[in-house]
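Subject: Handing over a structure, with notes

Dear colleague,

I am passing a structure on to you, and I would be glad if you could look through it with the notes below at hand. The notes begin with the terms and then go from the whole chain to single residues.

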Amino acid sequence: MALPRCGFLSQYTQHHLLVFLLTFFSYALLHASRKTFSNVKVSITAQWTPSIQNSSLPILAPGQVWNENQLFPSPQEATLFLGALDTIFLFSYAVGLFISGIIGDRLNLRYVLSCGLCCSAVVEFVFGTLTEWFQFYNVYFYCSLWGLNGLLQSTCWPCVVAVMGNWFGKAGRGFIFGMWSACASVGNILGAFLASCVLKYGYEYAFLVTSSVQFAGGVVVFFGLLSSPEELGLQGPAEEESTSEQDEDSRRPLIGDGEEVNGGIDYSVQGEEPKKKPTPIGFFQAFCLPGVLSYSMAYACLKLVNYSFFFWLPFYLSVNYGWKETEADQLSIWYDVGGIIGGTVLGLISDVLQKRAPVLAVSLILAMGSLIGYSHSPNNQPVNAVLMAITGFFIGGPSNMISSAISADLGRQEELQGSQEALATVTGIVDGTGSVGAAAGQYLVSLIESKLDWMSVFYFFIVMTGGSLIFISPLIVHEVRAMLQERRSQVHRL
């Protein structure tokens, strides 16, 4: 099998680099603000529950005065509500993804993306900063705001994937998208860093800083992003013609459906009549494309685990090991470091093998082992960080592959009959289904932890990772057979 050449990088211009960076950092800023909520859960819990000093000062500070702003009588109930907020956010995010993908294929992607970034920043500012400044605490208000935030943030991921798909073709897609999909992990690291820097002044300032930066990012996207090469009068990526060095088997699709997919950079001859803009496909038509259902269900299980680490890791480190909240925030960065490396390495391997599913299978099997290892981590920060990074590699890496490179593969299939207005819709379906699973998982995590213990939570993660492996098993079998058939063909030719 011929290895993919790095020559595809020479096809890219400064416009490709600008698009890569703008989409990368726009979603990174979104995740930075999202990460803030998970990093300040301990502080929020303390603010929403009565102080332990209340019982010792019955004369100077009567209970009804001391606790007038409390939302919950105990930290356990506050924790359950935080889990409910995560669930509300992810359910509204999931519903929004199904809608946003369709909208993104019909409106200018730049407008949809910048609007989502700016409006979400405003909601986060009201949720975390204004409510604390005005000492306004209300369960229903918090639920409404966080549900609205989920809807607004859902506009971003289908748009950035679609923009990347408009500019970058199949050649090296696993590697390019593997690096690019690190945007979420970079955003998590940035959010943890910003939150830990200002947390000593109050959690409201963590929300203030990240929401302000996100709003500024939305403004930059509005004025600087080019959603497709056609805006510059260039042709977008089309199907790259197979080279003579590749035989028929090596040109099998990366999504395992037996059909060819789009990719590569192919600029048409000058003077050619401009093509009519393809008609966007419908939601159900996109849902029925080969591989979409399997990968969507697998991503639902995997995103549940990945987002549980995202939402609960700092809280787990603080509660389970007794580490300071700022220390837990900084230590949780290593999970994202593992995810960054995992997404890039696994994407490159899948480019070399010209197969995605077998690479995912091996990673998911090792992920279950890494979860067992991390659940038995000692009370030692360096050891915990190493085990955390390994777990991030095998959980975050496959998650990044499915949500980016594989979604782009699925959105460029031959079944689309020349329509390239399906990327946002397909991405919305995959990520939306994943978010439904993640939404259900967040409340289950808080429920399992409160009723049982954290070890039971890790057993739950292992089961969900195994479920992801089961859903893609038909694709694994198909691609492994294709690889074996290719080897036999090579032996016969020799």
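Helices (H or I, at least four residues) and strands (E, at least two) are taken as DSSP runs and are numbered from the N terminus. This is a predicted model, in which local features need pLDDT of at least 70 and side-chain atom pairs count only at pLDDT 80 or more, while totals for chains, interfaces and linings use all residues. Residues are numbered from 1 along each chain as its sequence is written, and side-chain values use heavy atoms, with hydrogens and water left out.

Of its 494 residues, 57% are buried, where buried means under 20% relative accessible area, exposed means over 50%, and partly exposed lies in between (1.4 Å probe, protein chains only). The chain exposes about 20,100 Å², of which carbon and sulfur atoms supply 66%; accessible areas come from the Shrake-Rupley method with a 1.4 Å probe, and for residues only the protein chains shown count as cover. If one takes the contacts (heavy atoms within 4.5 Å) between residues at least 6 apart in sequence, 85% of them join residues at least 24 apart.

The loop between H5 and H6 holds glutamine 135, which has a positive phi of about 55° although it is not a glycine. Most residues other than glycine have a negative phi. Glutamine 135 counts as partly exposed, because its relative accessibility is 37%.

Next come the charged side chains. A search of the whole structure finds three salt bridges, a salt bridge being a side-chain nitrogen of Lys or Arg within 4 Å of a carboxyl oxygen of Asp or Glu. Aspartate 86 and lysine 41 meet in one of them, at 2.6 Å from N to O; this pair links distant parts of the chain, since aspartate 86 is in helix H4 and lysine 41 is in helix H2 (residues 41–48), 45 residues apart. Aspartate 86 is buried at 0% relative accessibility, and lysine 41 is buried with a relative accessible area of 0%.

Another salt bridge joins aspartate 431 to lysine 303, with the closest N and O atoms 2.7 Å apart. Aspartate 431 lies in helix H17 (residues 423–451) and lysine 303 in helix H12, so the pair ties together parts that are 128 residues apart in sequence. Aspartate 431 counts as buried at 3% relative accessibility, and lysine 303 is buried with a relative accessible area of 1%. Arginine 356 also forms a salt bridge, with aspartate 351, the closest N and O atoms being 3.3 Å apart, and both of these residues are buried.

Glutamate 204, in helix H10 (residues 203–224), is buried yet has no salt bridge, and the nearest side chain of opposite charge, lysine 200, is 14 Å away. For that comparison, Lys and Arg count as positive and Asp and Glu as negative, whereas His and the chain ends are not counted. Leaving aside residues up to four places away in sequence, glutamate 204 touches Gly128, Thr129, Glu132 and Trp133.

Helix H12 also holds proline 314, which counts as buried at 2% relative accessibility. Proline 314 and leucine 331 are 17 residues apart in sequence and 7.9 Å apart in space, C-alpha to C-alpha.

Finally, the structure holds zero disulfides (pairs of cysteine sulfur atoms within 2.5 Å). Cysteine 156 is in no disulfide, and the nearest cysteine sulfur, that of cysteine 159, is 7.0 Å away. Cysteine 156 counts as buried at 1% relative accessibility.
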